[in-house]
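Subject: Structure handover

Hello,

Here is the structure you asked about. My notes follow below it.

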Amino acid sequence: MRPLVMGVLNVTPDSFSDGGRYLDFDAAVAHGLHMVAAGADVVDVGGESSRPGAAPVEEAEELRRVVPVVEALAPHVRVSVDTVKPAVAEAALDAGATLLNDVSASLWATAAAADAGWVAMHMQGTPRTMQRDPRYDDVVGEVAAFLAERAAAASDAGVREVWIDPGIGFGKTVAHNLALLRALPLLVGTGLPVLVGTSRKSFLGVIGARRGHEPIALSDRLPASLATAAWAMLAGVAMVRVHDVAATVQAAILVGETRLADLGGAAPEPASAGGERPWR
Ligand code: HH2
C-alpha cells in the first residue's frame, strides 16, 4: 500500500507557487481533474494564500473562490479544504469536501460538527509575520507537544479522523525545517497519520543549491521536492502535500513497494490500536 498524495489547488492570485494560474473556475477544475488523472488521492482546495507575508482575504471572496470548485471536484476525488475561516470550512464541507486542512489547528469543532477529517498543522505566528525571526528552545519537542495536545482536543470533541502536520516553512528557519524532517519518525510513532508539505518551499532552494551558487529558483525545485517527499514517505508519513502530482505518485509507488519488501511482504500495521485506518 503506497503513501497518499494530496495535490495542491490554490484558487488564489498570490500563492507562492501557483498563484494566479487557477483563479478562474474552469482553470481550477481542469487542474483538479488533471491531478486526479495523475493519481492524486486528495485534492486540497485553498482560496487564501498562507505564504510568508500574505495578506488576508475577505470571507465572501474566499467563499466565492473555493465553494464552486469543491462542488465540481467532490464527485471525482476526495476533496480537502485549506482554510482557517470557520464559515469557509462549513460551506466547503457542505459542498462535498470531507477533510478540513487547518493551518491554524483551531477548527476541530467545525470538523466534528460535519463529521469530517481534520488536519492540525503547526504554525508559529501568522503568515504575515511568521518568517521574521522564528525561535524555539526545542523545535521538535514544542511542535510534537502542540500537535499532540490539539489532536487530543479534537478526538475528545468527537473528530474521528485526526491528522498531524509539522508545518514545514510556517514560522521556521531552514534549520528548524531540517530538524522537523529528521524527526518525522517521532511524529509517525504517535500512531496518528502524518501529513507533510515540503513541495517547492524556499528552504529547498537554499539547501539544494551547490556551494557558492544562488538559491534554486522555484520552477527548478522538483528534484528537491521529490527527495524530501521520498524521505518523508520512507519515514512513515501517510500523505504528502505536493504541486507535482504525477512525479510524486511515481515516488510513492516505489516507496510503497520498498516498505512492503522491508516487511517481507506483510502490510504495515498501524502503530497504535486505533481501529480501521482507511488512509493507509
Ligand atoms: N503548506 C502550504 C499551505 N497549506 N497545509 C498543510 N497541511 N501543510 C503544509 O505544509 C501547507 C498547507 C503552503 O503552500 P501553498 O498552498 O502552495 O502556498 P500558499 O499558501 O501560498 O497558497
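The structure holds one aromatic pair (rings of Phe, Tyr and Trp, its six-membered ring, with centres within 6.5 Å; planes under 30 degrees apart are stacked, over 60 edge-to-face, the rest tilted). Trp108 and Trp118 form it, edge-to-face, at 5.8 Å centre to centre and 70 degrees between the planes. Trp108 sits in helix α4 (residues 108-114) and Trp118 in strand β5 (residues 117-121), ten residues apart. Helices (H or I, at least four residues) and strands (E, at least two) are DSSP runs, numbered from the N terminus.

This is a predicted model: local features need pLDDT of at least 70, side-chain atom pairs count only at pLDDT 80 or more, and totals for chains, interfaces and linings use all residues. Residues are numbered from 1 along each chain as its sequence is written, and side-chain values use heavy atoms, with hydrogens and water left out.

Trp118 is buried, at 0% relative accessibility. Trp108 is partly exposed, at 22%. The cut-offs: buried is under 20% relative accessible area, exposed over 50%, partly exposed in between (1.4 Å probe, protein chains only). Leu178, in helix α6, is also partly exposed, with a relative accessible area of 30%.

Now the sheet. Eight strands form an open sheet with parallel pairing, ordered β6-β5-β4-β3-β2-β1-β8-β7. Two strands pair if DSSP finds at least two bridges between them. β6 (162-165) and β7 (195-196) stand at the edges with a single partner strand each, so one side of each lacks a neighbour in the sheet. Strands β1 (residues 4-10) and β8 (residues 239-242) pair over four bridges. Leu4 stands opposite Met239 in β8.

Best regards
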